[in-house]
Amino acid sequence: MRQIGQFGLAVAFLTALSSPALSEGDASRGEAAYRPCAACHMIGEGAINRVGPHLEGLMGRPVGGLSDYRYSDTLVNAGANGVTWTEDNLDRFLEDPQGYYRGTRMVFRGISDAQTRADLVAYIVQEAGSYDSAAAPSTGEVPPEIAAVLAIEGDFAYGEYLSSECTACHANQSGGDIPGIAGLAPSTFIHALMSYKIGEREHQVMTMLVNRLGDEEIAALAAYFATVE
Amino acid sequence: MPLDRRQFLGSAAALTATLAAPMVARAQTAPHVVVVGGGAGGATAARYVATGSNGAINVTLVEPSRAYYTCFFSNLYLGGFLNMDSLGHSYGTLASNFGINVVHDWAIGVDRDAKTVTLAGGATLSYDRLVLSPGIDFVEGSVPGWSTAAQNAMPHAYKAGSQTELLRAQVMNMREGGVFAMVAPPNPYRCPPGPYERVSMVAHMLKQNNPTAKILIVDPKESFSKQGLFEDGWQRHYTGMIERIGPDFGATNVSVDPDAMTINIDGNVEQVDVCNVIPAQRAGKIAEMAGITDGNWAPVSAYDLASKMDENIHVLGDAAAQGDMPKSGFSANSQAKVCANAIVAALAGGRAFPPRFANTCWSLIDTNDGIKVGATYEATDEGIKSTSSFVSQVGEDAATRETTYRESLGWYDAITEDMFGTA
């Protein structure tokens with residue numbers, strides 16, 4: 001994995017030398033481009049981790065750098081090698097996430113249009129702000145319906161049984177096409193499922209399956225998946 | 001007389017020879033589950049009984065093939081999107097990591113009184129619970145003129161492997177401007193969208209290699225799964241290439257002549273170049289041998305997939321008559337988990353959880369044009385009943401269709417990992 005990280009670095013360096021200047025981004029247009037991202041990434045003050053890491057203070061933050069989020073090895077290694085998020089590497093990552101950081105768990109096809117990407121990056125820069133290593137960890141408010149599920153002690157054995165419905169589509173070894181869910185923190189897991197229930201996220205299969213899960217069942221699943229390696 | 005357990009274990013070990021894994025030491029009193037059929041139902045059930053009981057139940061999986069080729073996604077091989085190797089899976093991990101005794105043999109008889117299964121190789125396995133997941137066989141004479149003996153001239157390609165490779169070769173070698181015909185099956189049958197995804201994949205290949213060729217579907221059904229979505233896709237991608245003859249025009253009265261390569265549709269004889277005959281279907285033969293079928297299928301309880309005729313036998317997947325679930329790999333995998341939980345609860349004192357079922361079927365129409373249909377189900381006294389469902393929509397944008405296709409690839413990786421215990 002270390003080699004992949006170094007390779008990523010080399011690619012970033014070479015392409016930075018040879019590529020044309022970035023397009024001028026328009027943050028107000030970028031807000032629309034951010035909408036699909038918002039399903040997984042909270043941005044701005046008070047943002048917390050959801051399915052994806054929160055983006056508060058992203059610019060200048062080490063790649064894979066939040067201690068309370070479980071990243072793929074490829075992002076952790078990049079951060080360990082000193083890579084931090086810049087407008088330039090964010091642009092390249094968003095163009096082809098799997099190509100830029102092979103093995104990233106982020107399930108997103110990428111944005112081929114350079115102008116749309118530039119707009120999106122401008123929006124993220126504006127909303128996320130810069131990294132402040134001294135800043136206290138984010139303490140965003142947890143919505144009440146999610147707090148209610150978080151308060152339930154999950155029935156592990158029931159969660160293990162219910163998990164078999166998930167593993168028909170979610171491979172333990174995350175593929176690039178359906179996200180891996182093993183090892184997610186219970187708060188992240190619960191937030192992810194509840195966001196389908198309250199209509200923040202929409203997916204035909206997930207919405208159907210989550211709609212028949214009660215709070216006890218979601219808590220049970222969260223308790224189980226947190227322990228899966 | 002059945003062999004006693006000591007003799008049985010000896011013979012089973014001899015049969016599997018020295019498969020790489022060391023045999024897991026087993027208590028002689030441990031309950032024994034025999035699973036017949038290593039597909040989406042059987043492999044999943046074997047794995048979940050083994051893990052769910054933490055090894056307290058001995059599990060033997062009987063499957064003739066050492067390399068199993070999934071029928072699901074075999075249409076994508078026909079279309080040139082996947083190679084045959086990517087559909088192949090072995091049982092090594094189930095043996096080595098899950099302690100399952102994998103026996104590569106045919107089950108040829110079930111003695112329900114003695115609770116034993118006889119194998120073609122001569123061994124007899126005794127069971128406390130038997131899980132039959134044998135998939136499908138064909139109804140003899142359902143397409144007059146066609147028989148298994150004619151499957152080289154007119155392949156069914158409805159069990160994946162050499163038949164699928166044969167059909168692809170025939171399509172690739174078809175004369176310029178030739179006719180590919182499909183005799184579609186009557187309900188119920190394995191993989192409801194399967195024949196129509198196959199037509200899409202054949203059309204995809206012909207469009208590149210033989211664009212003046214034609215496709216003729218002879219279909220005894222009034223309508224079929226995802227019909228509007230497929231017909232919309234055919235119109236967009238394969239304009240003028242595909243013709244479907246339904247029951248209004250005689251498709252319920254069809255015979256074939258494999259020597260002459262003709263199809264007789266209610267008296268009209270069509271000369272064709274490739275003919276894919278998908279006959280009417282029934283439960284895999286062993287279900288009938290066990291005496292648990294009623295008509296073509298094996299009726300089961302919706303709660304634990306136990307046979308209505310023998311509570312010690314469970315039937316999964318295509319072979320089962322269970323209610324509303326389509327005969328799909330996804331369904332079989334879903335049923336296997338409910339069945340395994342019930343078996344572990346009954347034989348090893350595990351917690352019994354309420355049955356719950358789900359299914360999703362993805363189909364590919366052309367490159368990056370994927371569609372899906374799915375539903376959730378619950379168990380009732382009258383059978384498995386659908387509780388909610390969804391289906392892709394005509395007119396979805398290209399990005400949605402591509403995402404749906406990519407999702408299907410992710411599902412394939414996950415379900416095969418779920419079945420075989422390995423990526």
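This is a predicted model: local features need pLDDT of at least 70, side-chain atom pairs count only at pLDDT 80 or more; totals for chains, interfaces and linings use all residues.
A salt bridge here is a side-chain nitrogen of Lys or Arg within 4 Å of a carboxyl oxygen of Asp or Glu.

**Between the domains of chain A**

- Chain A is assigned domain 1 (2-128) and domain 2 (144-225); eight residues of domain 1 and twelve residues of domain 2 make the contact.
- Together the two domains bury about 950 Å², with 57% of it on carbon and sulfur atoms.
- On the domain 1 side, Arg50(A), Val51(A) and Val107(A) lose the most area to domain 2, together 51% of what that side buries.
- The domains share one salt bridge, and four residue pairs are in polar contact across their interface.
- The domain 1 side comprises four nonpolar, one polar and three charged residues.

**Between chain A and chain B**

- Here 25 residues from chain A meet 38 residues from chain B.
- The chains bury about 2,500 Å² between them, 55% of it on carbon and sulfur atoms.
- Tyr161(A), Gln204(A) and Met208(A) lose the most area on the chain A side, together 26% of what that side buries.
- Four salt bridges link the chains, including one between Glu217(A) and Arg356(B) at 3.5 Å, N to O.
- Helix H8 (156-166) and helix H10 (204-211) of chain A each supply at least two residues to the side touching chain B, and H8(A) gives the most, with six residues.
- By class, that side of chain A has twelve nonpolar, seven polar and six charged residues.

Note on methods
Residues are numbered from 1 along each chain as its sequence is written. Chains are lettered from A and ligands numbered from 1 in the order in which they are written. Side-chain values use heavy atoms; hydrogens and water are left out. Domain bounds come from an automatic or database domain assignment. Contact means heavy atoms within 4.5 Å. Buried area is the accessible area (1.4 Å probe) that two parts lose on being put together, summed over both. A polar contact is a pair of N or O atoms within 3.5 Å; within protein, one must be able to donate a hydrogen and the other to accept it, and residues adjacent in sequence count only if both atoms are side-chain atoms. Ala, Val, Leu, Ile, Met, Phe, Trp, Tyr, Cys and Pro count as nonpolar, Asp, Glu, Lys and Arg as charged, and the others, Gly among them, as polar. Helices (H or I, at least four residues) and strands (E, at least two) are DSSP runs, numbered from the N terminus.
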